[in-house]
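Here is a friendly note to read alongside the model. Please keep the structure open and look up each residue as you reach it.

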Amino acid sequence: MQFSNPFVVIFLTGVVVSRLMGITLEILQARHRAKATAVPKELADEFTAAERTTSAAYHTARAVLSEIAATVHAVLSICLMACGYYVWLYTATSTCDGITAILLCALGAAIPPAVLSVPFSAVSEFTIEKRFGFSHMSASMWIRDLLVSLVVNIVIAAILLVVMELLIEHTALWWLIFGAVYVLFSVGVSLLYPLFIAPLFNKFTPLADGALKTRILSYLDQAGFHADGVFVMDASKRSRHSNAYFTGFGKSKRVVLYDTLIEQLTVDEVGAVIAHELGHYKHHHVIKRLCAHAVIVFAVLFVLSLLVVKPSLYAGFGFSVAVPVPQRALFVGLFLLAEIGENYSLAASVIVNLFSRRDDYEADAYAQAVCGTGESLISALIKLNKENRGEISPAPLYSAVYYSHPTLAERITRLHQH
């Protein structure tokens, strides 16, 4: 690498700064946990000192593992760049045709970080999650999930890479057309996910008739939400964590409840959780996020199209390419720019989380209006926080960077104000 090259400087600066920020934020949060011995006044009657201690221990263990993994991956990224591994991949596939070369390069680039992530994932699942009573995962099930996820990701990545290669070969406006293809492809995956991908991992059973189904269907009708069905997912075979979500678009929309959620909450509380999700639908949050995502995709691709033709980008990382940069090398440039940009994602998350938390407040207000009271949602949030060992009162800066939802105390305070 040419350490004075501006692209290399930006890459190395991003790696170092992002790691320092991540570690600093975790230290800040650890100190906040240690000092905040009392439960916030909004939750004084809900959480015992033992529950708070267990929650803190769980998140500390996860944070330590996460920061070690992130640091090791950062070191790996620098080493692969510095030792010329990606240059070797590019050279080794130079005699292949365009699509084959791109797929082989992409596979070769993905293997080192993927292999490195396996032991950290195993430690997370079989040490931390099991120690705190969450994981029900067997080794065979974990390996199966890993392999199925790998195949699905390879198929999706291969499709997008082939499309991009064909566009780069045939038009200078590849970035514009690929942006449209990517957005449409994302919508298509959302349509197919509940029907073909999710069943690869879990079993989905229609919710049985009864008070809960009646409550949910009445809320769906009231919101004008036409779902393909309400399903229960057998989440308990893997974990004790609980959740509920809406998935799909159009006629493939589904309401999915974890079986653990049904076990942990009352009918009123599950109804309030569903009403919250319907709040996102009524306020068009999904559509708004999709539109915002599309704008960002087009903007990023446009900027990439300007930078990817800069010979200095390739020279800085040891690649020898002709001037002007040949089409085959553009994929290398896009990869290098992705590696550079990845290290600056933490700053973008602050803005994304800001809008996401605003959406959650709106969804909470809708649920409160539909249920006639906020008490069912409050009790549901408290139970879910307990069951999932959620942070009770994270440090404000830590929350701003990492939390896409308002904290438990913030949501309860806002619900009490209405």
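1. **A residue in helix 12.** Let us begin with I340, which sits in helix 12 (residues 327-342); helices (H or I, at least four residues) and strands (E, at least two) are DSSP runs numbered from the N terminus. I340 is buried, at a relative accessible area of 8%. Here buried means under 20% relative accessible area, exposed over 50%, and partly exposed in between, using a 1.4 Å probe and protein chains only. Leaving out residues up to four places away in sequence, I340 touches F7, I10, F11, L313 and F317, where contact means heavy atoms within 4.5 Å.

2. The model is predicted: local features need pLDDT of at least 70, side-chain atom pairs count only at pLDDT 80 or more, and totals for chains, interfaces and linings use all residues. Residues are numbered from 1 along each chain as its sequence is written, and side-chain values use heavy atoms, with hydrogens and water left out.

3. **The whole chain.** The chain has 16 helices and four strands. Its radius of gyration is 24 Å, close to the 22 Å that the globule rule gives for 418 residues, so the chain is as compact as a globular protein of that length. (The radius is taken over C-alpha atoms, and the rule is 2.2 Å times the number of residues to the power 0.38.) Along its principal axes, the C-alpha trace spans about 70 × 50 × 45 Å. Of the 418 residues, 43% count as buried. Among contacts between residues at least 6 apart in sequence, 76% join residues at least 24 apart.

4. In soluble globular proteins, nonpolar side chains tend to be buried together. A nonpolar core is a set of buried Ala, Val, Leu, Ile, Met, Phe, Trp, Tyr and Cys residues joined through side-chain atoms within 4.5 Å. Which members of the largest core touch the most other members? Of its 43 residues, they are I216, L257, L261, V270, I274 and L278. Among the elements that each supply at least two residues of this core are helix 7 (211-223), strand 4 (254-258), helix 9 and helix 16 (408-417). Apart from this core lies another, of 39 residues, including V8, W175, L301 and Y314. Have a look at I274 too: not counting residues up to four places away in sequence, I274 touches I216, A244, F246, V255 and L257.

5. **Two crossing helices.** Two packed helices are described by the angle between their axes and the distance between the axes. The axes of helix 9 (residues 267-282) and helix 14 (residues 375-387) come within 8 Å and cross at roughly 95 degrees. That makes helix 9 roughly perpendicular to helix 14. Axes are lines fitted to C-alpha atoms, for helices over the stretch in contact, with angles running from 0 to 180 degrees between N-to-C directions. Angles under 35 degrees count as roughly parallel, over 145 as roughly antiparallel, 65 to 115 as roughly perpendicular and the rest as oblique. Helix 9 contributes D268, E269, A272 and V273 to the contact, while helix 14 contributes S376, L377, S379, A380, K383 and L384.

6. **A buried aspartate.** Is D364 buried or exposed? D364 is buried, with a relative accessible area of 2%, and belongs to helix 13 (residues 345-371). Beyond residues up to four places away in sequence, D364 touches H276, L377, R411 and L415.

7. **A partly exposed leucine.** L195 belongs to helix 6 (residues 174-197) and counts as partly exposed at 37% relative accessibility. With residues up to four places away in sequence left out, L195 touches S252 and R254.

8. **Backbone details in loops.** V323 and P324 are joined by a cis peptide bond, with omega about 0 degrees; P324 is in the loop between helix 11 (311-316) and helix 12. H284 is a residue other than glycine with a positive phi, near 60 degrees, in the loop between helix 9 and helix 10 (285-307). R389 also is not a glycine, yet has a positive phi of about 55 degrees, and R389 lies in the loop between helix 14 and helix 15 (396-402).
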